[in-house]
Amino acid sequence: MAPVTNIKDLRAIAMKKVPRAIFHYADRGSYDETTLKANKADLDAIALRQRVMIDVSERSTKTTMIGEEVALPLAIAPTGLTGLFHGDGEIHGCRAAHAAGIPFTLSTMSICSIEDVAAAVNKPFWFQLYVMRDRKFSESLIERAKAAKCSALVLTLDLQIQGQRHMDIKNGLAVPPKLTVANALDIATKPAWAMSVLMGKRHSFGNLAVRKESDSLTTLSQWIAGQFDPSLSWKDVEWVRSIWPGKLILKGVLDVEDAKIAAQTGADAIVVSNHGGRQLDGAVSSISALPKIVDAIGGGKSEIWFDGGIQSGQDVLKAVALGAKGCMMGKSFLWSLAAGGQAGVAKAIEIIRKELDVSMALTGTKDINKVDKSVLAL
């Protein structure tokens, strides 16, 4: 097999190893995918400034994110259905992240539960929360995150109503995957994936298993569909803040006015994100929104992070140069997990770390904490 040299290689392997419906869940976006494409195109359009004859013999990619030491300014973003990309995928992803010295975020819509992951790792991880119509259940998730000693809560703001993802509908995506004539042949050609997922700890939404609806996947799916709440407001952020004592990260801010309000909540970090191009199609790319938000609220208490198209160390360097204190990756994580489980995720993180290190050297930069717009060819 050809050597794996970049994230594109891992994506190509993932496309061959997992069923079409699962791969497209990670790979594709909403509606016409205009925003999904813009996320990558706008990142690619930013040029780095090559410098020469500068002593870069000693370099460091180490920094902090919300006070936690990290090997590079990168965290694994919360991703739903992770355990369908590889059996016990959340556990494998968390272990790989911790071994590499970066944070891991567990999604509310994970396959392995909070308790499953906590029992399998020896370091704290972050938990992502959707505030649902059933506030009591949302509160119970927070209590479970406390009991698991999660070191931060990531509150997703941009999923009050779900954007339509055409490929999920066309592929008949379901949890667990349904065997139909259309996908049976597809799954039959992926025996390693089938064995991995079937032997995993869980096959449905682990964090929701305590609900009576979980006895029936049909009623559980109906319950989930009815739980996204269009009435969510900034008062709900205040409510979460009142019952969560730890670090709070607000994810899904794309507008300057929203960023100003988010900063006023006292959040420890604000993630500039358009949900990977999976919500409002036609919205601006995350990287084009980042500098405006940095200009508006940078320098305050809330750290500003970037999420939306990270597939290389160069992408990380560009985001940091534009003011991001840290980055999150979702699609790249799922591709690498599907490609090789824990080893695949470890490979992806190391690829990005090495690319970041080399790119810093070739821009005449020695310390990631001192990177600014001067590394860009603006």
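Helices here are DSSP runs of H or I at least four residues long, numbered from the N terminus. With that in hand, glutamate 33 sits in the loop between helix 2 (20–27) and helix 3 (34–45). Keep in mind that this is a predicted model. Below is a quick tour of the sheet, one helix pair, a well-covered helix and a few residues worth a look.

- Eight strands make up an open sheet, paired in parallel and ordered 3-10-9-8-7-6-5-4.
- Strand 3 (74–76) and strand 4 (105–106) sit at the edges, each pairing on one side only.
- Helix 6 (residues 135–147) packs on the sheet, where it touches strand 5 (126–129) and strand 6 (152–156). The direction of helix 6 makes about 175 degrees with that of strand 5.
- Over at strand 10 (residues 326–329), three bridges tie it in the parallel sense to strand 9 (residues 303–307).

**Helix 4 against helix 15**

- Two numbers describe a packed pair of helices: the angle between the axes and the distance between them.
- For helix 4 (residues 89–100) and helix 15 (residues 331–362), the angle is about 25 degrees and the axes are 8 Å apart. Angles under 35 degrees count as roughly parallel, so helix 4 is roughly parallel to helix 15.
- The crossing of helix 4 past helix 15 is left-handed.
- Helix 4 brings Gly89, His92, Gly93, Arg95, Ala96, Ala97 and Ala100 to the contact, and they meet Phe333, Leu337, Gln342, Val345, Ala346 and Ile349 of helix 15. By type, the residues of this contact are eight nonpolar, four polar and one charged.

**Helix 2, mostly under cover**

- Seven of the eight residues in helix 2 are buried. They are Ala21, Ile22, Phe23, His24, Tyr25, Ala26 and Asp27.
- What do they pack against? The buried residues of helix 2 have helix 1 (7–17), helix 3, helix 7 (166–171), helix 9 (191–198) and helix 15 as their partners.

**Two positive phi values**

- As background, most residues other than glycine have a negative phi.
- Glutamate 33, back in that loop between helix 2 and helix 3, has a positive phi near 65 degrees without being a glycine.
- Lysine 149, in the loop between helix 6 and strand 6, also has a positive phi near 65 degrees and is not a glycine either.
- Buried or exposed, for glutamate 33? Its relative accessible area is 9%, so glutamate 33 counts as buried.
- Lysine 149, on the other hand, is exposed, at a relative accessible area of 63%.

**A buried lysine**

- Lysine 40 belongs to helix 3. Its relative accessible area is 19%, and the cut-off for buried is under 20%, so lysine 40 counts as buried.
- Which residues does lysine 40 touch, leaving out those up to four places away in sequence? Lysine 40 has Gly309, Gln311 and Asp315 as its contacts.

Key: Residues are numbered from 1 along each chain as its sequence is written. This is a predicted model: local features need pLDDT of at least 70, side-chain atom pairs count only at pLDDT 80 or more; totals for chains, interfaces and linings use all residues. Side-chain values use heavy atoms; hydrogens and water are left out. Axes are lines fitted to C-alpha atoms, for helices over the stretch in contact, and angles run from 0 to 180 degrees between N-to-C directions. Angles under 35 degrees count as roughly parallel, over 145 as roughly antiparallel, 65 to 115 as roughly perpendicular and the rest as oblique. A crossing is left-handed if the near helix is turned anticlockwise from the far one by less than a right angle, and right-handed if clockwise. Contact means heavy atoms within 4.5 Å. Ala, Val, Leu, Ile, Met, Phe, Trp, Tyr, Cys and Pro count as nonpolar, Asp, Glu, Lys and Arg as charged, and the others, Gly among them, as polar. Two strands pair if DSSP finds at least two bridges between them. Buried means under 20% relative accessible area, exposed over 50%, partly exposed in between (1.4 Å probe, protein chains only).
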